[in-house]
Structure formats: C-alpha cells, structure tokens
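Welcome! Please take a moment to look over the sequence and the 3D view below before reading on.

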Amino acid sequence: MRVEKDIEKAGFYQYYPVVPAVVVVKSGDELDALACAWHTALSFEPPLFAVAISPKRYSCKMLKQNGEFTANFLTFDNIGIIAAVGRTSGREMDKFSTYRIKTIPSTEIQTPVLKDSYAAYECRVVKRYTLGDHVLFVGEILAVHYKERCFDKKKKTPRLNSVTPALYLGADYYAGIQSFGEVRVSKEDVMGKVMGRRERKNNKE
Ligand SMILES: Cc1cc2nc3c(=O)[nH]c(=O)nc-3n(C[C@H](O)[C@H](O)[C@H](O)COP(=O)(O)O)c2cc1C
C-alpha cells in the first residue's frame, strides 16, 4: 500500500465513489445550482444534512444570504446536468434557462427541487461553520421528496433494479452501478457466525 502525506499528490478520491447532490439555492428571484460531492447526513433527530461549499462558488454567497437549499439526487441518465451545474458558474449565466433544467416547487421553503431528481431534501440552514477552505452549511430537513418506485416500500432502501444513482469517481468521471443482487447481513447473522466459531472452538478444546 502506497503512503502519501501530500493529499494533492494522492488525489482526494480514495473514499469515492459518491452520489453527488445537486444543491439548489435561491436569493430573491435568482436561482443557482451546483454539484456537491462533499455532503453528509449528520443527525436523525432533528434530521440534519450538511453540504460543504467553497466560498469561491457563487452559490455560497446566495446560500449565506437566503439560508435554505435543496439537495437533489439524480440518476446516471442525468450526469449531463450534474456536470453542467458543476463546471459552470451562476456568476456567468442562468444555469436553469441555459441547460433547460426543470424545477418543481418545494412545500416548506421557497427554493425548488429538480424535476428530474429521484429524491431530494428541502433544508433550512441551522448552523454554518468555516472549516479550512470550505463552508459547512448544516441544514435541517423539512421535507423529503422521493419517487416511490425507486425505494423499497417496507425497508425504505433504494431499489437498484429501479434506480441507477449517478456516482462520481472524481476528476470529471462518472459511473452507474449494476446491482449483483441484495444481501442482508444483520446483527443476528454476525452474532450467529461469532457464536458458531466459539462453539466450534469450545468443541475442539
Ligand atoms: C461532481 C462534482 C462535485 C462537486 N462537489 C463540490 C463540493 O462538494 N463543494 C464545492 O464547493 N464544489 C463542488 N464542485 C464544484 C462546483 O459544483 C462548481 O464550482 C460550480 O461551478 C459552482 O457553481 P456556482 O459558481 O454557480 O456556485 C463539484 C463539481 C462537480 C462536477
């Protein structure tokens, strides 16, 4: 295993692939969207979802002003939208008219969700931290949008035979995933194996 101290030399993609979010922000009548690979869920109660955005992004200023965003998840078919909003700036164009990105209204905030998303969160910013060269916006999730056919009714998990989330590999490369089928490994399965091993060991002794 190679060890590298310089993250730039190593590339910061070891923990990828990630499902990038298209983050939509609104300030006054102006809308902007950016691709965001650096996001994470933080809490169930209250439900918190955070996005790390560089202050260099036009959307960062808008988000500081308005304090709400939607995080939208797209399928592999829509990597064109992710790349478009992720490689151009709202400083230079209206991305929504330029790329013909369709939106639908949110229910709890003014900022819309993307029509083409298979899932999206409506978030209100409750905390903001500057961490190194990015700003972490912590949003409370006020509503969840999801296409029901893309998620298992009972388990609530994504159904990979109905939805192909876009995966970002880094450096402008994307992939889709082909499911080899689902495998459930529960605590009982794990404990069963541990107990079985112990029993076999005890029997030997
Ligand atoms: C797939 C992908 C993921 C990205 N992830 C992030 C991210 O997590 N944080 C960030 O600040 N910029 C990220 N970017 C870069 C912004 O999306 C990009 O700079 C965008 O043009 C900013 O638009 P704006 O100036 O309209 O805000 C990413 C770009 C791509 C293509």
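The report that follows walks through several parts of this structure in turn.

## Before you start

This is a predicted model, in which local features need pLDDT of at least 70 and side-chain atom pairs count only at pLDDT 80 or more, while totals for chains, interfaces and linings use all residues. Residues are numbered from 1 along each chain as its sequence is written.

Helices and strands here are DSSP runs numbered from the N terminus, with at least four residues of H or I for a helix and at least two of E for a strand.

## Around the ligand

Let us begin with the ligand. There are 22 residues around it, and W38, S59, G86, S89 and G90 come nearest. A residue counts as near if its C-beta atom, placed from the backbone, lies within 6 Å of the molecule.

Several elements each supply at least two residues of this shell: strand 2 (30-36), strand 4 (48-53), helix 2 (58-66) and helix 3 (79-87). By type, the shell divides into 12 nonpolar, 6 polar and 4 charged residues. In this count, Ala, Val, Leu, Ile, Met, Phe, Trp, Tyr, Cys and Pro are nonpolar, Asp, Glu, Lys and Arg are charged, and the others, Gly among them, are polar.

Which residues of helix 3 are buried? They are I79, I81, I82 and V85. Seen down the helix axis, these buried residues fall within an arc of 160 degrees, so they line one face of helix 3. The arc is taken from the directions between the helix axis and the C-beta atoms. On the other side of helix 3, G80 and R87 are exposed. A residue is buried if 20 or more other C-beta atoms, placed from the backbone, lie within 10 Å of its own, exposed if 12 or fewer do, and partly exposed in between.

The cover over the buried residues of helix 3 includes strand 1 (21-27), strand 2, helix 4 (95-98) and strand 11 (173-175).

## The nonpolar core

The largest nonpolar core has 34 residues, and V22, V23, V24, V51, F69 and A71 touch the most other members. Such a core is a set of buried Ala, Val, Leu, Ile, Met, Phe, Trp, Tyr and Cys residues joined through C-beta atoms within 7 Å. Strand 1 gives the most to this core, with 5 residues. Other elements that give two or more include strand 5 (68-73), strand 7 (113-114) and strand 8 (119-131).

What does A71 touch beyond its neighbours within four places in sequence? A71 is in contact with A21, V23, H39, F49, V51, A120, Y121 and C123. Contact means that the two C-beta atoms, placed from the backbone, lie within 7 Å.

## A closer look at S27

S27 is found in strand 1. Because 20 other C-beta atoms lie within 10 Å, S27 is buried. Residues up to four places away in sequence aside, S27 touches M62, Q65 and N66.

## Backbone details

Most residues other than glycine have a negative phi, and most peptide bonds are trans. Where are the cis bonds described here? One runs from Y16 to P17, with omega near 5 degrees, and P17 lies in the loop between helix 1 (7-10) and strand 1. Another joins E45 to P46, with omega near 0 degrees; P46 has its place in the loop between strand 3 (39-43) and strand 4.

A171 has a positive phi near 55 degrees and sits in the loop between strand 10 (167-170) and strand 11. With 8 C-beta neighbours inside 10 Å, A171 counts as exposed. D172, with a positive phi near 70 degrees, is found in the loop between strand 10 and strand 11, and D172 counts as exposed because it has 9 C-beta neighbours inside 10 Å.
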